[in-house]
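Subject: Handing over a structure

Hello,

Here is the structure I promised to pass on. Please open it first, then read my notes below.

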Amino acid sequence: MKEFQPIAARPAPIKTVGFTAWLRDNLFSSIPNSVVTLSVIALLAYYLPLIFDWAFWSANFTGTTEDACVKEGACWVFINAWSYQFFYGTYPVEEVWRINLTLVLLVMVIAASFTLPKSIRLKASITSWLLLPIVGIAILDGRWLGLEVVSTDLWGGFTLNVFMAAASIIVAFPFSFLWALGRRSEMPFIRSVSVIFIEFFRGVPVLSLFFMGSVMLPLFFAEGTNVDKLIRVWLVLIFFMSGYMAEVFRGGFQAVPSGQYEAADSIGLSYWQKILLIILPQVIKVSMPNILATFVMLFKNTTFLLIIGIPEVVQTLQTALSNSYWLGGHALEGYLFVFLVFWGSCFSMSVLARRIERQMNTDKRD
Amino acid sequence: MLALGIKDYLIKTPRYTVTFRQFLTMNVDENDSLKIVGTLVAVEKEQQPTQKRIYIMAKKALLTASILAATMTAGAVQAATLDDVKSRGTLTCGVSTGLAGFSQKDENGKWSGLDVDMCRAVAAAVLGDSEAVQYKPLTAKERFTALASGEIDMLSRNTTWTHTRDTSLGINFAGTNYYDGASFMVMKDLGVSSATELDGANACIQAGTSTELAIADYFRENGMSYKAVTFDTSDQTRQGFESGRCDFLTSDGSQLAALRIGLANPGNAVILPEVISKEPLGPVVRQGDDQWFNIVKWSLNAMIEAEEQKVTSANAADMKANGNPANKRLLGAEGELGANLGLSADWAYNIITQVGNYSESFERNVGMDSPLKLARGINASWRDGGILYAPAMR
């Protein structure tokens, strides 16, 4: 009987799990990859300390004037001193609770739309969404509530970006739904009007629309009739937004199977019953991701208002940079701040959007 | 409208009985025109009972529209900005969205600057309160529309007084509150004190500006040469200058001052005294309201005259009581200067006590008491060798 001869032990297999394996797979899988990895590490090792040094260790945090910025690094004193204006514009300090209240209302309405019991959620949230712009304007302007009137040229800062975006999308929402219906209508007049409207506002850059609203429109008004500049651009934003959203809705309408339309017809529902009770709920569900994406786009577009001199946050920053007591070159700090504020709000919106999509996604799990 | 061939109608109102053609060329106030529209429609119904309804309706709409349009034009001619400002209680003034020393907002949202002081002066003259101003920040593109549409009462936004603007835009320049012009900035260690010593130097210039043309003319005129180093933005120009890529930087004088502060070490740079192009900046009003034009013009002149007479915000009260006749006339203790403008007698007194004379405003905003440290240069009073000169105050 032959004696059992074990073959020589093979080397241990290359680890396929764990940190080293991950490193090997992702960062050092080939020679070019390794070179890239090492150079990136070298660059980070060189620049990160410089950036951290600029932003934190040699940065100036305390003080109220530019003279306080004695150290080499970033002058966060600039952001700190101007933070009120970056957020609230020139809104009077003693009235600023009105802006905060409006922001709280906005958050509450958003929260209510997802947390109220299902039996009342739809009606309650639609009502509150439609009331919100009116209530918001009443609070911010104040004349309908007997508060001190704060004229719109004092409004500004980041909250103006938020309010302009929110107020435009809320008003544009029902209109865009009607435009989308109009575009699918079988009546030639309504259809062509809708197509012309939608294609005009989708085909024209928002910058040129702002110029129309701010420079051209007043020339057509009668002498002495001044429509407030903010209202003019609000209208522009509403038109622009409803053109875009109409196409989002149209996509939603097309995604609803024709069987749904036929089924609604066959049980004898009227046109509006069919649209409101059967089709629209499905349309909103399908279009939600696109609606939220469009909203994020509009929100960022509100910074374009600076080219017509509306003191939104970027315009406020430029005004701050041109103040003769702050001329020491703080553009980097300022734009970094605007970047962080916008990134923060857009990122939280997309987190919220994903949550909404999951909640609404009742039939398709993916 | 008349070219469309509409018949001439008789218009009866409580105050006028005129033909429609006459009506188009006359001035009426808005209340009358509303009555006119009502009467006109009634008259027309009687005259045309048998015509097709739709035809009448179209004509009526056209007539109403043209009457309203005519009233608006008439209104534009008659509009009394002074009354509007008084009844509103505030002056709406168009300013820049941000220009160091001229119109700038501070951390607390308070506006200041040489251009802003012009707004404050007019508010002080008209309303007696230099703080009763509503500032409308405007971009360069919007400024004339905002003025023409009545959104603002006056424009004080470092606007260059040019022939084309003055004659073709329906606006009037009410004077010059800052004579700007292209100028030069050099490093101190270059040891240059006049632009005539810059022969053969390298120039940092922003591409595509009128300065580019002005400097070419200036050097050719003086038989000198230079080498241009152009940049796209003013910030890049400053960095180029700072890193030593050129010997001097050229731009508008007031801009140079702001660029200078942006340098890592502003003390190392000096602005040379030569000014090589004309950029007279001043307040602007709508054409067709001469009283308002006068008020803005003389508000500026009052500040300039006050400096000539050495009346300041500190001594104005004393001068009003004990000054010479010219002081007393200016400050409203004697004479009719205020009444002639349709203002109270202490209009100029209010300007000087609340805003200050031109010198005070200049030094506070762009001069030695400000970070910009601009020299008076040609913006000095004519008594001190400058070109600021107020017409006679009597």
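**Domains of chain B**

In chain B, the centres of domain 2 and domain 3, taken over C-alpha atoms, are 31 Å apart. Keep in mind that this is a predicted model. The contact draws 10 residues from domain 2 of chain B and 5 residues from domain 3 of chain B. What classes of residue make up the side of domain 2 of chain B that touches domain 3 of chain B? That side has 7 nonpolar, 1 polar and 2 charged residues.

Domain 1 of chain B covers 2-78. Domain 2 of chain B is written in two pieces, 82-179 and 279-384. Domain 3 of chain B covers 182-271.

**Chain B overall**

Chain B has 394 residues, and 44% of them count as buried. Its secondary structure comprises 16 helices and 15 strands. Take the contacts in chain B between residues at least 6 apart in sequence: 70% of these join residues at least 24 apart.

**A helix pair in chain B**

Look next at helix α5 (residues 114-127) and helix α15 (residues 347-354) of chain B. Their axes come within 7 Å and cross at roughly 140 degrees. An angle of 65 to 115 degrees would count as roughly perpendicular, and one over 145 as roughly antiparallel. α5(B) and α15(B) are therefore oblique to each other. The crossing of α5(B) and α15(B) is right-handed.

Which residues make the contact of α5(B) and α15(B)? From α5(B) come R120(B), A121(B), A124(B) and A125(B). From α15(B) come W347(B), A348(B), N350(B), I351(B) and Q354(B). By class, this contact has 6 nonpolar, 2 polar and 1 charged residues.

**Two helix pairs in chain A**

Start with helix α6 (residues 157-184) of chain A. The contact of α6(A) with α9(A) has 18 nonpolar, 3 polar and 3 charged residues.

On α9(A), the residues are M241(A), Y244(A), M245(A), V248(A), F249(A), G251(A), G252(A), F253(A) and A255(A). They meet I279(A), V283(A), V286(A), S287(A), N290(A), I291(A), T294(A) and L298(A) in α11(A). The contact of α9(A) with α11(A) divides into 12 nonpolar, 5 polar and no charged residues.

**Where the chains meet**

Last, the interface. Here 29 residues of chain A are in contact with 31 residues of chain B. Which elements of chain A give two or more residues to the side that touches chain B? They are α3 (76-88), α8 (206-220) and α12 (313-321) of chain A. α8(A) gives the most, with 4 residues. By class, the side of chain A that touches chain B has 12 nonpolar, 15 polar and 2 charged residues.

Best wishes

Conventions
Residues are numbered from 1 along each chain as its sequence is written. Chains are lettered from A and ligands numbered from 1 in the order in which they are written. This is a predicted model: local features need pLDDT of at least 70, side-chain atom pairs count only at pLDDT 80 or more; totals for chains, interfaces and linings use all residues. Two residues are in contact if their C-beta atoms, placed from the backbone, lie within 7 Å. Ala, Val, Leu, Ile, Met, Phe, Trp, Tyr, Cys and Pro count as nonpolar, Asp, Glu, Lys and Arg as charged, and the others, Gly among them, as polar. A residue is buried if 20 or more other C-beta atoms lie within 10 Å of its own, exposed if 12 or fewer, and partly exposed in between; C-beta atoms are placed from the backbone. Domain bounds come from an automatic or database domain assignment. Axes are lines fitted to C-alpha atoms, for helices over the stretch in contact, and angles run from 0 to 180 degrees between N-to-C directions. Angles under 35 degrees count as roughly parallel, over 145 as roughly antiparallel, 65 to 115 as roughly perpendicular and the rest as oblique. A crossing is left-handed if the near helix is turned anticlockwise from the far one by less than a right angle, and right-handed if clockwise.
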